[in-house]
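Me: I'd like to learn how to read a protein model. Can we go through some features one by one?

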Amino acid sequence: MAISVFDLFSIGIGPSSSHTVGPMRAARTFAEGLAADGSLDRVTRVRAELFGSLGATGHGHGSGKAVLLGLLGERPESVDTDAVPGIVAGIRSARRLRLLGRHAIDFREDDDLVLHRRRSLPAHPNGMVFRAFDAADGVVRERTYYSVGGGFVLDESAMAGEPAIAEDATPVPYPFRTGADLLGHCRETGLPISEVMLRNELTWRSAADVRAGLLEIWQVMVECVRAGCARDGVLPGGLKVPRRAKRLHDKLRAEDGAGDALYAMDWVSLYALAVNEENAGGGRVVTAPTNGAAGIIPAVLHYYRRFVPGTGDDGVVTFLLTAGAIGSVLKQTGSISGAEVGCQGEVGSACAMAAAGLTEVLGGTPDQVENAAEIGVEHHLGLTCDPVGGLVQIPCIERNAIGASKAIHAARMALRGDGSHVVSLDKAIKTMRETGADMKVKYKETARGGLAVNVIEC
């Protein structure tokens, strides 16, 4: 099986890839299935049930509105984020929606959108069941979906194996599942990790399309940072968390940084804060590889472009290809789902990917790249996912700033060595997955443990 870099980096909507983007894609897939088998016009009602982590924190993550948008036929990458509140309010007031924008049905949210706070489906913590009914209340179509992290959605038939990955039987020239596989290709061919990933990408699209697609991803990241630095006020959701990026941006611009050896790191923190405040506000972000960890890779890429001399678009493409290769290993052998393994699978994975990308563009060897990625994973092991109020705000926003700083330090440590180290990336990922399995459910995106219960909401 193969995972494309464009599976790991996708343009979407905040605040969560697994809890917002995934449910939107699942709902649209369900509606499209009704249209494909000719059943759409028979449907008079649709009922959606969200289980596990989706049910426990769905309100804070906007999972309900995502389902409504998906049933309408909206896509995460193209929905007008500014229009979303009005669209959802219209459905709720009229108690009607148009499946795929063309077939009107009754939709009473209290009855037709159920969030089960303490019930789970067996295959994954993020489970969803959709049912469509006809006028006689007969079931027209029923499907179960799982949002397995990073916006990936699988149906029940795809969940038989572990870990759950969407099958892609497309043959690629350099198939890899583990870090050892990836390094093996590099040693046999003399290619850097980015070039191995590129050769595989050419299976699906031309080199020009790969480059254009990755630069588009980068431009969305740039615009996300710009938007985050321009907005003021408080974030939605009830915690009244103030946006800090604009204030920090204005302060840094007024300073010249002379004599401050860590001035650049303040900008790194700013970039991450800006992205994750946009994400928390339901704005346009790049899933990298999840929304909860969406600020780390843009922050490190901005650091590379601003503070490393002689950089350009070629470096951006190389960075993202390298990060994508490491993300593919993490997705296939570990997890990028906070509901499955805690935040070590989100921020830890993003840190590893960013560290790897930065190491290669700074001249690192494949062994040094793998070492940097391993450092990123190792030093997030055991990190819980305990969002206060079920919102992707505390501790998520600051956690991205810290994760971005860790990625830069991991790259610098790896570059100072020769690539040899005791703990391999594969061993660190295996440990992450085992640690996640041992972690109590209350620490895995359910808002029932840790900071989520020790911070008093006012």
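Reply: Helices are DSSP runs of H or I with at least four residues, numbered from the N terminus. This is a predicted model, where local features need pLDDT of at least 70, side-chain atom pairs count only at pLDDT 80 or more, and totals for chains, interfaces and linings use all residues. Residues are numbered from 1 along each chain as its sequence is written, and side-chain values use heavy atoms, leaving out hydrogens and water.

Me: How do I read a pair of aromatic rings?
Reply: You describe it by the distance of the centres and the angle of the planes. Rings of Phe, Tyr and Trp (its six-membered ring) pair if their centres lie within 6.5 Å; planes under 30 degrees apart are stacked, over 60 edge-to-face, and the rest tilted. By this rule there are five aromatic pairs here. One of them is Tyr263 with Trp267, edge-to-face at 6.4 Å centre to centre and 80° between the planes. Both residues sit in helix α11 (residues 263-280), four residues apart, about one turn of the helix.

Me: Why is the pair of Trp267 and Tyr271 called tilted?
Reply: Their planes meet at 40°, with the ring centres 5.9 Å apart, so this pair is tilted. Trp267 counts as buried because its relative accessibility is 4%, and Tyr271 is buried too, at 5%.

Me: And how do I find hidden holes?
Reply: Rolling a probe the size of a water molecule over the atoms shows where empty space is left. On a 1 Å grid over the protein atoms alone, a cavity is a set of points where a 1.4 Å probe fits but cannot get out, and lining residues have an atom within 4 Å of a point. Grid points are joined across faces, edges and corners, and a volume is the space filled by probe spheres set on the points. Here there are three cavities of 30 Å³ or more.

Methods: On a 1 Å grid over the protein atoms alone, a cavity is a set of points where a 1.4 Å probe fits but cannot get out, and a pocket is an open set with protein on both sides within 12 Å along at least five of seven lines; lining residues have an atom within 4 Å of a point. Helices (H or I, at least four residues) and strands (E, at least two) are DSSP runs, numbered from the N terminus. Buried means under 20% relative accessible area, exposed over 50%, partly exposed in between (1.4 Å probe, protein chains only).
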